[in-house]
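Here's a quick tour of the aromatic contacts and packing in this model. Have the structure open while you read.

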Amino acid sequence: MTLKQKFIHYVSANMISMIGLSLYILADTFFIAKGMGANGLTALNLALPVYNLISGLGMLIAIGGAAQFIAYKSTENNDANNVFLHGLLLVGVFGAVFVFAGIAFSNQLATILGANQAIHHMTSTYLKFIMLFAPAFMLNNVLSAYTKNDGDPHLAMIGMLAGSLFNIIFDYIFIFPLHLGMLGAVLATAFSPIIGILILSTRFFHHKASIHLGHLVFKKNLFIKTFTLGFPSLINEVSGGIVMLVFNYLILHIAGNTGVAAYGVIVNIYLVILAFFNGIAQGVQPLMGECFAKGDLEDLEKVRYHAIVLGFVIALIVYILMIFFKSPVVTAFNSEQNKTLQSLAESGLILYFIAPFFASYNIITIMYLISINQPYRAQIITLLRGIIILIPAAFLLSAIMKMTGIWLTLPLTELFTALVAIKFQHQPKRSVH
């Protein structure tokens, strides 16, 4: 395939995959809103930071390992499959910790995250099952990333979509016909990655597969490189959870549970939009990694440029749609027709969704830096947009402008981060080596 064909092939499949993954939580948001109202949305939003941590560790192993895998595979290094086996070991270790925490500490964790008496049981139920199924979430991420980097992005796409479809169908069945409430919502979400794993595992039997189960040759440097290259992905996900905690805390003091529910509507829609940009970034990662490994800097820059342009176009389309359709979008999640929730979420959408114009550039730049073996610059950008700028800005702007300040925090953070990212992009070509 030509470079353009490869770009379309990988990016389209990865965008669909990431959108499918984001629909795990959006489906929960929609059906929980319909079945349990504002309290259900608040409980979900309080539990999501733990899901972010699980997803972040999965992405650390997936992206950190896959970045090495594509470089080794491109240069025919025997450690390609060994990196994959090290990733499976990490999934087992991290997964066991979450399973234990789910069994022993879900109630205490719900209290720590701010669940009051009205929503404590729903929050702890969601937390328990998300943690019990943490190994499945992480393994699904890992298998998806390696399948893409092993030349089969469409299988990864099918796995993600099948899991999401299962989640949507069984969210409805468990919550409404079976009346299982929050337990039904979390069970549908928890079993979804298992569907993906079953589909992605077929890659092991493909005659062109470079990944397979076998004997692990332990090498400490492979673990270290996985953590180094995957750390920005971990921080990106974990910071999302930290931001939710901070925003939940601030909003509870400004607008109460209804404000948190409004934020829950906005942030879960936003996660779907981010899926487009993550899909572009993860789609071009194998291409950029291969170009860099082979020393083809001209094609590397072409791939990066096309990714940035595509991200901006999507951000523009999304913003126009939000301007014209903000009311029906919010209404779809406002089953109780709460006027306060409707007003807060509609005004928030217009301000909050300025962020994608800059977020798309930042996300693609982070993956570019990982692909050219500059993880520390990627980490700086990730920390700036996820913690260093965002959290102080949230406290400052919310104190000055209340909910308007909350909605403006993310756009301003992404803007200032993009200015730093531009500086990192425009380095002499020799800095790539």
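Phe 353 is buried, with a relative accessible area of 0% (buried means under 20% relative accessible area, exposed over 50%, partly exposed in between, using a 1.4 Å probe and protein chains only). Tyr 352 is buried too, at 2%.

A bit of housekeeping: this is a predicted model, so local features need pLDDT of at least 70 and side-chain atom pairs count only at pLDDT 80 or more, while totals for chains, interfaces and linings use all residues. Residues are numbered from 1 along each chain as its sequence is written, and side-chain values use heavy atoms, with hydrogens and water left out.

Both residues show up again in the largest nonpolar core, which has 137 residues: Ile 54, Phe 247, Tyr 263, Tyr 352 and Phe 353 touch the most other members. Such a core is a set of buried Ala, Val, Leu, Ile, Met, Phe, Trp, Tyr and Cys residues joined through side-chain atoms within 4.5 Å. Skipping neighbours within four places in sequence, Tyr 352 is in contact (heavy atoms within 4.5 Å) with Phe 247, Tyr 263, Ile 266, Val 267, Tyr 270, Trp 407, Leu 410 and Pro 411.

## Rings meeting rings

Searching the whole structure turns up 22 aromatic pairs. Rings of Phe, Tyr and Trp (its six-membered ring) pair if their centres lie within 6.5 Å; planes under 30 degrees apart count as stacked, over 60 as edge-to-face and the rest as tilted. Among them, Tyr 51 and Phe 137 sit edge-to-face, 5.5 Å centre to centre with 90° between the planes. That pair links distant parts of the chain, 86 residues apart: Tyr 51 belongs to helix H1 (residues 3-74) and Phe 137 to helix H4 (residues 134-149). Helices here are DSSP runs (H or I, at least four residues), numbered from the N terminus. Tyr 51 and Phe 137 are both buried.

Tyr 352 and Phe 353 make a tilted pair, with 6.5 Å between centres and 55° between planes. Elsewhere, Phe 30, Phe 31, Tyr 172, Phe 176 and Phe 333 form one aromatic cluster.

Thr 226 is found in helix H7 (residues 220-294). With 3% relative accessibility, Thr 226 counts as buried. Leaving out neighbours within four places in sequence, its contacts are Leu 60, Ile 61, Gly 64, Gly 65, Gln 68, Val 83, Leu 90 and Phe 231.

Methods
Helix = DSSP H or I, 4+ residues; strand = E, 2+ residues; numbered from the N terminus.
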